[in-house]
Amino acid sequence: MRGLLGVLVVAVAAAAVALRPPPKKEVVIVKLGGAAITRKSEPRQLAKAALEECAEAVAAAHDRGLRVVLVHGAGSFGHFEAKEYGVAKGTSPPLGFALTRQAVTLLSSHVVNALVERGVP
């Protein structure tokens, strides 16, 4: 019986270790300014070199074990649509909101692609 109890204690201890939450990583919040990663004077124009440089920096932080929370502005992706349709005033027709979202989603896709190419989830 003592042998079985010993095995049970070891199994419970192993389960406790397995269920213990992993050590918390330091969280860093990074905002990529829309004007920094786009050419804001032209609709939907990406500043590709700037985005790639930012993605490299985020990847380096991730590789050092930091937990990166990334947000970004809209820059030239969405501002033109938002202005044209009065989105900021709250008077936009549904199409104005949809076109603005479509543009910002396209920018988000560029940002995610740049990070995934560098192994950042």
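Where is the place of Ser92? Ser92 sits in the loop between α4 (79-85) and α5. Before getting to know that residue, here is some background.

## Ground rules

What you have above is a predicted model, where local features need pLDDT of at least 70, side-chain atom pairs count only at pLDDT 80 or more, and totals for chains, interfaces and linings use all residues. Residues are numbered from 1 along each chain as its sequence is written, and side-chain values use heavy atoms, with hydrogens and water left out.

## The overall layout

The protein has five helices and two strands. Here helices (H or I, at least four residues) and strands (E, at least two) are DSSP runs, numbered from the N terminus. Walk along from the N terminus and the order of the elements is α-β-α-α-β-α-α.

Of the 121 residues, 26% count as buried. Buried means under 20% relative accessible area, exposed means over 50%, and partly exposed is in between, with a 1.4 Å probe and protein chains only. Now for contacts, meaning heavy atoms within 4.5 Å. Among the contacts with a separation of 6 or more, 72% are between residues 24 or more positions apart.

Helix α3 (residues 48-63) packs against helix α5 (residues 94-116) at an angle of about 50°, and their axes are 9 Å apart. That makes α3 oblique to α5. For the angle names, under 35 degrees counts as roughly parallel, over 145 as roughly antiparallel, 65 to 115 as roughly perpendicular, and the rest as oblique. The axes are lines fitted to C-alpha atoms, for helices over the stretch in contact, and angles run from 0 to 180 degrees between N-to-C directions.

Who meets whom? On the α3 side there are Leu51, Ala55 and Val58, and on the α5 side His110, Val111, Ala114 and Leu115. Sorted by type, the residues of this contact are six nonpolar, one polar and no charged. In that sorting, Ala, Val, Leu, Ile, Met, Phe, Trp, Tyr, Cys and Pro are nonpolar, Asp, Glu, Lys and Arg are charged, and the others, Gly among them, are polar.

Ser92 is buried, with a relative accessible area of 10%. Its side chain reaches the backbone oxygen of Tyr85 at 3.4 Å, and a polar atom of that side chain lies 3.5 Å from the backbone nitrogen of Phe97. Leaving out residues up to four places away in sequence, Ser92 touches Tyr85, Gly86, Val87 and Phe97.

Thr100 is found in helix α5. At 13% relative accessibility, Thr100 counts as buried. Setting aside neighbours within four places in sequence, Thr100 is in contact with Gly78, Glu81, Ala82 and Val87.

Glu26 lies in the loop between α1 (2-19) and β1 (27-32). It is exposed, with a relative accessible area of 55%. Glu26 and Val68 are 42 residues apart in sequence, and 8.5 Å apart in space from C-alpha to C-alpha.

Arg44 belongs to the loop between α2 (34-37) and α3. This residue has a positive phi of about 55°, although it is not a glycine. Arg44 is partly exposed, with a relative accessible area of 29%.

How values were computed: Polar contact = N/O pair within 3.5 Å; in protein donor to acceptor, adjacent residues only side chain to side chain.
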